[in-house]
Each structure stands twice: as C-alpha cells, then as structure tokens.
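Please look through the structure shown here before reading the notes that follow.

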Amino acid sequence: MAEGEPAWVPKVPVKVDREVMELVRNGGATEQGMNAGEFFLALATCNTIVPLIIDGPDPKKKVIDYQGESPDEQALVSAAAAYGFVLVERSSGHIVIDVLGQKQRFDVLGLHEFDSDRKRMSVIIGCPDKTIKLFVKGADSSMFGIIDKTLNPDVVQATEKHLHSYSSVGLRTLVIGVRELSQSEFQEWQMAYEKASTALLGRGNLLRSVAANIERNMRLLGASGVEDKLQDGVPEAIEKLREAGIKVWVLTGDKQETAISIGYSCKLLTRDMTQIVINSNSRESCRKSLDDAISMVNKLRSLSTDSQSRVPLALIIDGNSLVYIFDTDREEKLFEVAIACDVVLCCRVAPLQKAGIVDLIKKRTSDMTLAIGDGANDVSMIQMADVGIGISGQEGRQAVMASDFAMGQFRFLVPLLLVHGHWNYQRMSYMILYNFYRNATFVFVLFWYVLYTGYTLSTAINEWSSVLYSVVYTSAPTVIVAILDKDLSRRTLLKYPQLYGAGQREESYNLRLFIFIMVDSVWQSVVVFFIPYLAYKNSAIDSASLGDLWTLSVVILVNIHLAMDVIRWTWITHAVIWGSIVATWICVIIIDSIPTLPGFWAIYEVMGTALFWALLLAVIVVGMIPHFAAKAIREHFMPNDIQIAREMEKSQDSRDANQPEVQMSTSTRA
C-alpha cells in the first residue's frame, strides 16, 4: 500500500489465511498467484452489493459497510476485501475496486442476475487493460455444466473434492468461473441482450437464453464456502415441534451433503433414522428409486409390531428427482413414501418446486400446512401453504410481505403454535359450541310455546327481550371468556409439547360434542318451559309474567353453564358473567315499567310470590344436572391429557421443575 493511501477495511472482520494472502500480494507473476487474484476479483465484481463508506474509530482507515439482498454475497465481498480486493464504489455503469492499494475502475458492461432456473449469475466487466471478462458464479450443479474441464483438469478435480468437504460440514458452496470475451463475442451478446430486454412477450425466457449462450466454456477459478449458521434455539424448536406430533419438512436449495449436515445440526435428522435417498439423473432411475423406497417402507411397516418399535424414517430427495416425478405424474407414489417418513428433506429445489411440495400435501390430506421462510425464494411456498410465516432477517422482507404472520426468529414458532395456537383452538372450539348452545336453548323455549298456541305469531317473551338476549343478556360473557380464558399455562404447554395433539385429534370440537351440546340445550329448554308451565297451568297468570320467568331462567342457565366451564377466573370474568345476569333483571324491570309496551307491570306481580323464586331455583338445578354430571364423570373417570395437565398445575408448585413427566398421547398427523 502506497504511503498516504487510506486503508479500506470491511465492517465485518474476516479471518485471512496468511499463505493465501502472501500468494495474492507477492505471487502475481506466477500462474497460481494470477488465478488467486482473478478469483478474488471475481468475488468483488460478480455481485449486486452496494458499498457504504463510513468513518471508523481510526481516522486513517475507512470502514466499508456492504449492503445487499443476500448475506452470502456480503460475506464473499467482505472476504475479497480482506484479501486486498476492496469494492469501494458502485454506480450504474462502473465499479471502483481498490486492488492491493491501487484504485481501479471496471466498467459493468452487462449483468445477468441470479434466477432459480439457471442457479447462477454473471457479469461482463470491462477491465482497465481494455480486456472484457465474463465472471460467473453459481451452484456447482449448474456451473460444472458450463465449465471447460480440459483447461485446468487438476483444478477441477481439486475443486470437486473441496466442494464435497465443504458441504459435508454444512457450508453453502458456490463455484466461480471466468472467460475472456473477444470484441465480436461481446458485440454479438450486446445485440442479443438489447433485443431480449426490449421484447414485449417472453422477455424472461429470452434473457435466460441470452445468458445461456454467453455462459459457456468457462475456466474454473475455484469455489467458496459460507457458513450458514443456525439461529439460536432452532434445534430445540424443531425437537419440540416433532414432539408435538407436527411433521417437519425442510425444503432447501443447498447441496444434498450440506442439507444433511444442517439436518443433523438442527436435530431434524438423528443417527437412529433410516434414510431413504432419492437422487436420480434420469426418469428411469428415478422411477426405480421411488419403487425401491415404497418397497422399503412396506417392509419396515411389516416388521414393526407397534409404534414403540417402529424404525424412524427420513426421506431425502433432490430437485432433479422432483422434476422427473412431477413430469411423469408419479406424485401419488412420492406422497405415499413421504407421509410414511418422520422427516422429509428436499435439497436443490427451486422456489416453484417448494410450492409444488406444499400443494402435494394440501391436495391429498385434510391437514393444515404451514410454511416458514426468510427469503424471496420462499414466497411461492409461503403463499401456497394454509398458514404462511415470514422471518424478518438479512434475506430481505419479501417473505414477510407475502406471509400471514411475521417473526424475528425461527424459535418463536414454538410459542406461536404450541401456546397461542393451542389457546386459540381451545377458545374457538368452546365458543362455537357455546354460541350454538345458548341460542338453541332460547329458540327451543319459543318453539315449545308455539306448540301450545296453535302455531300463531303470538309470543310470551317480549320482543325487546328477544332482541336484547343476544345483544346485552349473553354477549359480553361470550366475548370476554373467548379472549381471557386459558385451559393451561404457557409453562405447561411448553413443557409438554404433546398437549398440542389435542387439537390434531379434534378433542375440543367434533360431531360428538356438537350432538351432546344440542341435546343439552333441548333438555334445558324443556326444563325452562315445562316446569313453570306445569306449575302455573291452572293459575290466572298472564303470558307476559310467564315470559319474564322464561327469559330470566334461560339467561341464568346459560351464564351458569358458562361459569362452570371457565378455567381461569379473573375479576373481569366475574364482572361480565354475574353482571350480565344483573343487567337482565334490570332490563326486564325497565321493559315492564313502560306502560306502552305489552306486559306492563308483569314482573312486579310475579316476583312478589314465593312460587316464582322456587321455580327459578328448580329450573336452574334441574337444568344443570346433565351438564354437571357429564362434566364430573368425564373429568374424574375419563380424563384426557388437558385435564390431567390441569390437575397437575393445581396440585404442584410452579417451582417443582423436576417432577417426572406424564406420558401424553401422541399424534402422527402430517
């Protein structure tokens, strides 16, 4: 570095290899040194990174903050800067790179951005020595098809070994190549590119065709490996999701070895799993691999006598095999293998293939699908799933904008599903049944009255009370309980993920419960109507007084029914439930105090008798007997996991964290 020249340092420090640094700085005259310099020049030029120069703690050094869509690109450009190839400026037509202390201007003559079909990007650079170079970087599966392996076979062989070792330890790999273009080749490309970029129809396909024509006969420069570090809590989160009976499928664009390594590190794959690998290069081999996988699954099923001795299975399949499967309409066989496996790991898949996998499940099962991703390549998958979740991170906000929910880290998925998902299911299930019950009870009372009035339009219950029943008398408790009630605490739900299976098994909302709640509503309506009717049958009481008794009885019954099922009592819950009963009395008294309305003064006359209060008590007691008996029998003799966990919460102190865990029912829903 010349005296007085500013030192450019990337904001993110990169540990350098001294041998490589020495080769780059002092080996420029050798072929190996020139290749190393060209490799780092490719990293500094073949990207869409925008450098931002900021002041650092040392006034003699300028800190460069690299901004870009991909954190992998940021890491590669920072690595190039650490070895002396510092990207310091970018404009629409050129970039400036500090090459070992000397600023050099490179003209950006063309750029083919990365796309999921080509799986690579390329840039055409006009160098200071008037040469034109094409730099390309991309996935090894696409790059080795355009590399001229006769130019440097030793480098190709060594790079293949390095790629295998990189991916085996979970690194995300890229292959970098270069080709020097002649003036005629560049002009031919420029004409084709301008024609394609101005086309009105099929512009994307034309641009990909132009890129494919120029990206050929490349000279291999080397490969890079970037650590794809997991977020905190990812292994624990996946483990809890699997304990909850949720099948976890991973769809990634990484190499198979990289995906498997990450699968082990995040506890998705375990050593005791039998792996079924489908990695085919032809339709025939793919068909054979799929048939072999089905045979293996059937064989292992026949050997497993129960769920405890069943061998866990993991399906690992690559993008090429998925292409053959989807093209030959063999999705049914893939689905048969996939649902039999505990884990599915798809590697080297394109964004549309991710959406296709999600659609494969949606069309063939009634189970809910959830997709979570953090990048633009996950958008189609997120939109295809029943529930889409975007992670707001360094990959941009495309996934967040296309999602139903957004979160900062993957581990937040655990409380979202196991805690808030469980609470929501419990509340919604109960409230749906309860709303049917409270409305049906009131309507059935009117129905029994119609049978005794010759199906006329007359009614004993005041029209105002009929309207206020759903607006004032019973609305507030329904809303408050639906918001505040919790069957289990957050700590218990996180400690026992198996409790999530209650929703998968539809324990809180099913046809049996619906029938029972309707039978209960019929019983209570019969009690509400016929006990007062038979008691006053031979008396001179008017229908308005009887209607007031029916109204009060129904409101008290449905609110006591709700109170019996409330689990977490708060002062708000007490206020709305008992306050609704008080409000009903007040409204009935006010309505019967208006001379212009039918039933004037009826409530005052009927309340003055002891029979009124005796009937009110009798209706409540007799009406609640079936519900009370069923609740007592179910919780004491046939408790489910939720009720057992609830009793544990009552009986043990929150500090007892070392108590033996209770065996929960498991679910194998997809």
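**Briefing on the predicted model**

Asp 378 sits in the loop between β15 and α14, where helices (H or I, at least four residues) and strands (E, at least two) are DSSP runs numbered from the N terminus. This is a predicted model, in which local features need pLDDT of at least 70 and side-chain atom pairs count only at pLDDT 80 or more, while totals for chains, interfaces and linings use all residues. Residues are numbered from 1 along each chain as its sequence is written, and side-chain values use heavy atoms, with hydrogens and water left out.

**The annotated binding site**

- An unreviewed UniProt entry places the feature "binding site" at Asp 374 and Asp 378; UniProt positions are given in the numbering used here, feature names are shortened, and annotations may be inferred rather than shown by experiment.
- Asp 374 also belongs to the loop between β15 (370-373) and α14 (379-384).
- With a relative accessible area of 6%, Asp 378 is buried, whereas Asp 374, at 31% relative accessibility, counts as partly exposed (buried means under 20% relative accessible area, exposed over 50%, and partly exposed in between, with a 1.4 Å probe and protein chains only).
- Leaving aside residues up to four places away in sequence, Asp 378 touches Lys 354 and Gly 373, a contact meaning heavy atoms within 4.5 Å.

**The annotated C-terminal domain**

- UniProt, again in an unreviewed entry, lists residues 400-640 as "domain: P-type ATPase C-terminal".
- Across residues 400-640 the chain is 73% helix and 1% strand, and the C-alpha atoms at the ends are 38 Å apart.

- Glu 506, a residue other than glycine, has a positive phi near 55 degrees; Glu 506 is found in the loop between α20 (501-504) and α21 (511-535) and is partly exposed at 43% relative accessibility.
- Trp 601, which is not a glycine either, has a positive phi of about 70 degrees; Trp 601 is in the loop between α23 (571-591) and α24 (602-607), and its relative accessible area of 40% makes it partly exposed.

**Cysteines**

- A disulfide is a covalent bond between the sulfur atoms of two cysteines.
- Counted as pairs of cysteine sulfur atoms within 2.5 Å, disulfides come to zero here.
- The closest cysteine sulfur to that of Cys 46 is in Cys 127, and because the distance is 13 Å, it is too far for a bond.
- Cys 46 is buried, with a relative accessible area of 1%, and Cys 127 counts as buried at 9% relative accessibility.
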